[in-house]
Amino acid sequence: MAIKLSIVYTSQLATSPIIVLFIRNPMNPAKGNASLLLLSLLLVCPICTSLDSITPDQPLKDGDGQLLLSNQKTFALGFFSPGSSSHRYVGIWYNQITEQTVVWVANRDTPLNDTSGVLSINGKGNLVLHTQNQTTPIWSTNVSFSVSSTNNSMAKLLDIGNLVLVPQDSQRFTWQSFDYPTNTLLPLMKLGLDRRTGLNRFLTSWKSKDDPGIGNYSYQIVPTGYPQACLYMGRTLLWRAGSWTGLRWSGIMQRSLWQETTWIEYWSGPQELCDKYLNCGPNSYCDPHNLVNFECRCFPGFEPKSSRDCIREKQGVSMCNNGEGFVKLAHMKVPDTSIAHADMSLSMKECEQKCLRNCSCMAYTSANESEGGIGCLTWQGDLTDARTYPDVGQDLYIRVDAVVLAQYAKKNGLTQKKRMLAILGVSVGVMFLLIVSAVYCFVMKKKKGKEV
């Protein structure tokens with residue numbers, strides 16, 4: 001199975017882009033539908049010839065209807081016109097599905113006006129896009145080469161959808177399209193900041209279905225504090241997908257599925273009001289299933305200041321070496337980790353002790369849920385942009401004073417006592433029914449014996 005994450009533009013939700021995680025099988029996604037596949041490919045490229053590489057002597061020309069195919073023909077690179085546009089772009093798409101699904105575009109903001117485009121290796125060893133009548137690059141990989149290797153480059157398309165520039169006598173990439181994603185995240189592609197090179201990889205939306213130019217929405221890994229995935233509109237943060245917990249993003253990620261002739265979407269996000277960044281104010285969390293009270297609920301030890309904000313119930317009460325402790329909230333999307341402190345060397349017990357010793361520590365959780373929970377995340381100051389889920393999420397531990405701690409301990413004790421009484425009641429009921437059934441069978445058997 002292949003996985004694809006896209007920022008999708010929709011005219012109906014022009015102010016709310018949709019992030020969709022697709023699951024698809026690129027090896028044979030359109031099995032049993034060969035005639036429709038052939039028709040689709042003919043519509044994309046009426047008369048196509050395929051190349052396995054682009055070299056100084058073998059360019060890719062739009063007017064000739066050429067395609068660069070990966071080894072197993074999983075992906076194709078060529079010229080295309082999106083939607084109703086007449087402009088021409090160089091892109092990569094799935095080669096074996098009926099619906100042309102473009103996953104990468106080279107000249108996003110510099111389209112060609114006709115079919116005179118040529119993609120070739122120039123005298124400096126770079127992959128460049130130009131027209132047949134001029135050599136001035138419209139787009140280029142722009143890599144610096146030594147003089148000895150300038151005429152030794154070739155471009156190949158890998159079966160993972162990665163366009164690479166390599167020396168003909170080497171397998172070492174000098175450039176790859178995976179370092180410059182557009183609106184699609186493919187398997188083995190990375191997002192985030194490479195601190196060694198300074199390269200920051202992130203997704204950006206298309207302007208529209210007819211224009212793959214860089215849009216106003218981006219999906220990126222924010223490295224501040226503890227890294228987390230975020231969706232932006234311009235510079236405005238719209239949604240935190242959260243941090244990687246070792247098993248999942250702390251925000252829910254779901255999927256769409258390719259079924260024979262079309263993509264069947266069964267997830268999109270942001271989806272609920274609780275997904276909106278800072279929908280609830282400081283020291284509160286969003287609960288979409290809270291039908292009794294307001295949507296924003298205060299963390300333990302806090303009380304409402306407004307419909308969205310919460311403050312400490314008892315101002316001035318010391319929570320430093322004064323019998324304080326922690327209350328667990330389950331199934332949580334943890335607060336904004338851009339202000340969190342991470343220590344991957346600590347266990348959960350050590351994390352609790354670290355937070356307890358620091359009188360400014362407001363909450364803690366595990367940084368990685370795998371192996372029973374490893375690593376430590378702690379927060380100081382206000383806790384923001386948290387929410388609850390019905391059956392996923394992390395355990396979040398909130399610092400409370402001794403009085404609140406005792407209240408929650410008593411509440412949990414009563415809940416446990418009620419649970420035990422319920423179990424006992426069911427057990428007694430079952431035992432009673434068994435005894436009654438046994439007595440009834442004994443009496444009936446004895447009665448039949450007397451009649452005989």
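## A buried tryptophan and its cluster

Trp104 has a relative accessibility of 5%, so this residue counts as buried. The structure described here is a predicted model. Trp139 is buried too, because its relative accessible area of 15% falls under the 20% cut-off. Trp104 and Trp139 belong to one aromatic cluster, together with Trp175 and Tyr180.

## Aromatic pairs

A pair of aromatic rings is described by the distance of the centres and the angle of the planes. The structure holds ten such aromatic pairs. One of them is formed by Phe80 and Trp93: the ring centres lie 6.0 Å apart and the planes meet at 70°, so the arrangement is edge-to-face. Phe80 is in strand β6 (residues 75-80) and Trp93 in strand β7 (residues 89-94), so their contact ties together parts of the chain that are 13 residues apart in sequence. Phe80 and Trp93 are both buried.

In the pair of Trp104 and Trp139, the centres are 6.1 Å apart and the planes stand at 75°, so this pair is edge-to-face as well. Trp104 lies in strand β8 (residues 102-105), while Trp139 lies in strand β11 (residues 139-140), so the pair ties together parts that are 35 residues apart in sequence.

Strand β7, which carries Trp93, pairs with β6 in the antiparallel sense, over six bridges. Within this pairing, Phe79 has Val90 of β7 as its bridge partner. β7 also pairs with β8, again in the antiparallel sense, over three bridges. Here Gly91 stands opposite Val105 of β8.

How many of the six residues of β7 are buried? Six of the six are, so β7 is largely enclosed by the rest of the structure.

Strands of a sheet pair through backbone hydrogen bonds, either parallel or antiparallel. Eight strands of this model form an open sheet with mixed pairing, in the order β25-β24-β32-β28-β33-β30-β31-β29. The edges are β25 (296-298) and β29 (341-347); each has a single partner strand, so one side of each is left without a neighbour in the sheet. From one strand to the next, the twist averages 40°.

Strand β24 (residues 284-286) and strand β32 (residues 386-388) run parallel and are joined by two bridges. Tyr285 has Ala386 in β32 as its bridge partner.

A disulfide is a covalent bond between the sulfur atoms of two cysteines. A search of the whole structure finds six disulfides. One of these joins Cys274 to Cys286, with an S to S distance of 1.9 Å. The torsion about their S-S bond is about -70°, so this disulfide is left-handed. Cys274 sits in the loop between β23 (262-265) and β24, and Cys286 in strand β24 itself; the pair links distant parts of the chain, twelve residues apart. Cys274 and Cys286 are buried.

Another disulfide joins Cys298 to Cys310, with an S to S distance of 2.0 Å. The link of Cys298 and Cys310 is left-handed, with -85° about the S-S bond. Cys298 belongs to strand β25 and Cys310 to strand β27 (residues 310-312), and the pair links distant parts of the chain, twelve residues apart. Cys298 is buried, as is Cys310.

## A disulfide between a helix and a strand

Cys351 and Cys376 are also joined by a disulfide, with an S to S distance of 2.1 Å. Is the link of Cys351 and Cys376 left-handed or right-handed? With 65° about the S-S bond, the link is right-handed. Cys351 lies in helix α2 (residues 348-357) and Cys376 in strand β31 (residues 374-380), so the pair ties together parts that are 25 residues apart in sequence.

Cys351 has a relative accessibility of 0%, so this cysteine counts as buried. Cys376 also has a relative accessibility of 0% and counts as buried. A further cysteine, Cys230, has a relative accessibility of 1%, so Cys230 counts as buried.

Definitions and conventions. Residues are numbered from 1 along each chain as its sequence is written. This is a predicted model: local features need pLDDT of at least 70, side-chain atom pairs count only at pLDDT 80 or more; totals for chains, interfaces and linings use all residues. Side-chain values use heavy atoms; hydrogens and water are left out. Two strands pair if DSSP finds at least two bridges between them. Helices (H or I, at least four residues) and strands (E, at least two) are DSSP runs, numbered from the N terminus. Axes are lines fitted to C-alpha atoms, for helices over the stretch in contact, and angles run from 0 to 180 degrees between N-to-C directions. Rings of Phe, Tyr and Trp (its six-membered ring) pair if their centres lie within 6.5 Å; planes under 30 degrees apart count as stacked, over 60 as edge-to-face and the rest as tilted. Buried means under 20% relative accessible area, exposed over 50%, partly exposed in between (1.4 Å probe, protein chains only). A disulfide is a pair of cysteine sulfur atoms within 2.5 Å.
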